[in-house]
Amino acid sequence: MKTVLDPICGMEVDPENPGAVAERDGEKFYFCSEHCRQKFLQPDAKPIARHGSDADHSCCDGERRDEAQAGGAVAKRKTAKKYFCPMCDGVESDTPGSCPKCGMALDRNPLHREPQTTLYTCPMHPEIERDHPGSCPICGMALERKNIAAGDEDDSSELRDMSRRFWIGAVLSAPVFVLGMWHMLPGAPEWLQGDMSRWAQFLLSTPVVLWCGWPFFVRGGQSIVNRSLNMFTLIAMGVGASYFYSAVVMLLPNIFPPSFAAHGKIGVYFEAAAIITVLVLLGQVLELRARARTGSAIRALLDLAPASARIVRDGEERDVPLEHVEKGDKVR
């Protein structure tokens, strides 16, 4: 991992996750904490440190870091990955997708935090943004701090995809259900039991099963490959058996013995395959909506936590990132 030096204290800073950032003369500088950044912005700032050995680390707890480096172990804070499976422990990923064990869509991890950029803006004139504290040039109010996290928006692509599959499947499966079940009612027209009705069910249910329900076949196959059977295994087997058996009946009816026929025709189950697919899609849509709302609520609560804390250490007040607060520190 490439690191840069804090220009005030000389500590090594990860540019992907710095404590603070400032820009001067077109060059961007990274800091271990907001305290060092404030020193850097002062007109009488100390000469920029280029090496950790001759830098003053007392401003940001650098002494403890130097001791850790001298001992050969630098403690690094582990950050949770962006997505995880709520059902399977240990399944995490940096990209959205499905759990390889249970097939569920991975949830956005509320503990994951993207690198943040600190800006100062006027509450009355939000178009005024600065990378350092000060006053609004329009109204004179003090600029307020605002943290901006890159890529912190929700990924609802799977919800949109499942919703689209559900609505298309619902429209196509409704006539399949009517054609498949209406003949059981008294006085139903004769043509509902004929070949025209059966071929119509075949044509309408094919996109419902093979396109709308395709994610279930993929997840069912993954569950078999990973030897972790789940509900998608049953869905893929049940829907696949009813649809493909019925398709073979329509395309190759002569391969079945006469005993399979009832009232002169072999039964088909296109309506069962289509309706099961649509009902499972409805369940997925409702589940994804509920999980998205729950995740948003949890992240909103976590966002209420301050990003930094003001502590008293060695008789001096300083602002440090929240993860640098240790047992025994006095917090203002």
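Helices here are DSSP runs of H or I of at least four residues and strands are runs of E of at least two, numbered from the N terminus. The model is predicted: local features need pLDDT of at least 70, side-chain atom pairs count only at pLDDT 80 or more, and totals for chains, interfaces and linings use all residues. Residues are numbered from 1 along each chain as its sequence is written, and side-chain values use heavy atoms, without hydrogens and water.

**Helix H3**
- The 25 residues of H3 (157-181) should span 36 Å at 1.5 Å a residue, and the end C-alpha atoms, 35 Å apart, agree with this; the expected span is 1.5 Å times one less than the number of residues.
- H3 bends by about 30 degrees at Ser173, the bend being the angle between axes fitted to the seven residues ending there and the seven starting there.

**Sheet**
- Three strands form an open sheet in the order S14-S13-S15, with antiparallel pairing; two strands pair if DSSP finds at least two bridges between them.
- The edge strands, each pairing on one side only, are S14 (316-321) and S15 (330-331).
- S13 (308-313) pairs with S14 over 6 bridges.
- Ile311 has Arg318 of S14 as its bridge partner.
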